[in-house]
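Colleague: I would like to learn how to read a protein structure. Could you walk me through a few features?

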Amino acid sequence: MNARCLVVVGAQWGDEGKGKIVDVLASEVSIIARYQGGANAGHTVHVGGDEFILHQIPSGILHAGKRCLLGNGVVLDLEQFFDELDGLAARGIEIDARLGVSGRAHLLLEYHKKLDQMSEALRGAGRIGTTGRGIGPAYEDKVARVGVRVADLLNPARARDLIAAGVERANDRLREGGGETLDPQRVVDSVIGMSDRLVPLIAETGKEITQALAAGKRVLLEGAQGSLLDLDHGTYPFVTSSTTTAAGGATGVGIGPTAIDGVLGVVKAYTTRVGSGPLPTEIPPPLGDRLRELGGEFGATTGRPRRCGWFDAVVVRYAARVNGLTGLAVTKLDVLDSFDEIRIAVGYDIQGQRFDSVFPYDLSLLDKAQPVYETLPGWKSSTSHARSLADLPQNARAYLDRLQEITNVPIAFVSVGTRRDQIIHV
């Protein structure tokens, strides 16, 4: 894709393989910026025989000389962030001055995690499947205007007061819910102790990206999670707490929406989601279990088994609309290599009413959705060697042609394995 400012988004329920696609595209851009989410994201990238799992740092950090930014839309888990940095350094990845963090980004602190875990436990059977990493409570504080921002660390006295007040508010809620409270002084000292490492990384992400674009450089904006987990457009309340769609790319790094001229939606050749919530095309055992094992469908952040289903064109058509997708990257095509036949949900039947181009926002309707499937023959041969569409088996090409046709979005990339070289540039 030739966009100067490209947003890479998940067009399903997350875990689509965005990290690999960003890694492949990073060599063609000057700046890679993460625009939302926190350490609940897990982007897995394979370089040679090495596997890297990145939770907060953009995947572009694995490319020497690339500037990587965390935008204001991110909630930054300091302890995990520095663990990740140190882990990369220990494996020979040079960071030096390549990393910047927006002063407007909010800090995700220990008490946010405690609140998240307690709240999820108290939901009982109504659990939404949160990772327990504190994402929701951190965004709650941001919206309530009581959060702690990266820039607050420039004034240690103010930061101490803000953090201590946050701990006290959290302790009140923890006591009410029967949770274990925290020592305010210990939390304050822990955060202030890490500030010396963070303050030198503070950057004006919006200004930096705008200047780079004006100079003719290319920029990639990296999202976390997926479109169906978007706070506004996802399967609420089984969603994350930020804007995962392409519109969040502009607000999450501090640029105008007209700066974005391309949106690449990443989809698996099938469908997965972690945690609770609707998944209309979910495949029951034993076939669903087989797909999970073949695809290694276990969460990079939590290790939880992912629920697996057939490709859902209703979901991807919806994602194409709310994101304005200009291209698709289809990942894990090779996982389907051994199937006799492959199904695509082209619509839903809900109590006799057909849904093709509208994704229902009423969860009670989604619970009753019966997918309307097309069945295509499998190709029953390996695709992992393919480096062009011509290398693919005829039935695999027919499957991709159908995905492109029913989503009305051109396919730009096809991934047929975990390695960097196992990708087809269409």
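Modeller: Gladly! Let's start with residue classes: Ala, Val, Leu, Ile, Met, Phe, Trp, Tyr, Cys and Pro count as nonpolar, Asp, Glu, Lys and Arg as charged, and the others, Gly among them, as polar. Keep in mind that this is a predicted model.

Colleague: How many nonpolar, polar and charged residues are in the lining of the second largest pocket?

Modeller: Here is the general idea. Rolling a probe the size of a water molecule over the atoms shows where empty space is left. In this structure, the second largest pocket holds about 190 Å³ of space. Its lining has 14 residues, with Y139, K142, S241, S242 and T243 nearest the centre. Helix 4 (135–143) and helix 8 (247–253) are the elements that each give two or more residues to this lining. By class, the lining has four nonpolar residues, nine polar and one charged.

Colleague: At what angle do helix 3 and helix 4 pack?

Modeller: The angle between helix 3 (residues 110–122) and helix 4 is about 115 degrees, and their axes are 7 Å apart. Their crossing is right-handed. Helix 3 brings Y111, H112, L115 and D116 to the contact, while helix 4 brings I135, P137, A138 and D141. Five of these contact residues are nonpolar, one is polar and two are charged.

Colleague: Why does G100 count as buried?

Modeller: Buried means under 20% relative accessible area. G100 counts as buried because its relative accessibility is 0%. G100 belongs to strand 7 (residues 99–102). Beyond its neighbours within four places in sequence, G100 is in contact with R67, C68, L69, L70, L201 and A203. G100 and A203 are 103 residues apart in sequence, yet 5.3 Å apart in space, C-alpha to C-alpha.

Technical notes. Residues are numbered from 1 along each chain as its sequence is written. This is a predicted model: local features need pLDDT of at least 70, side-chain atom pairs count only at pLDDT 80 or more; totals for chains, interfaces and linings use all residues. Side-chain values use heavy atoms; hydrogens and water are left out. On a 1 Å grid over the protein atoms alone, a cavity is a set of points where a 1.4 Å probe fits but cannot get out, and a pocket is an open set with protein on both sides within 12 Å along at least five of seven lines; lining residues have an atom within 4 Å of a point. Grid points are joined across faces, edges and corners, and a volume is the space filled by probe spheres set on the points. Helices (H or I, at least four residues) and strands (E, at least two) are DSSP runs, numbered from the N terminus. Axes are lines fitted to C-alpha atoms, for helices over the stretch in contact, and angles run from 0 to 180 degrees between N-to-C directions. A crossing is left-handed if the near helix is turned anticlockwise from the far one by less than a right angle, and right-handed if clockwise. Contact means heavy atoms within 4.5 Å. Buried means under 20% relative accessible area, exposed over 50%, partly exposed in between (1.4 Å probe, protein chains only).
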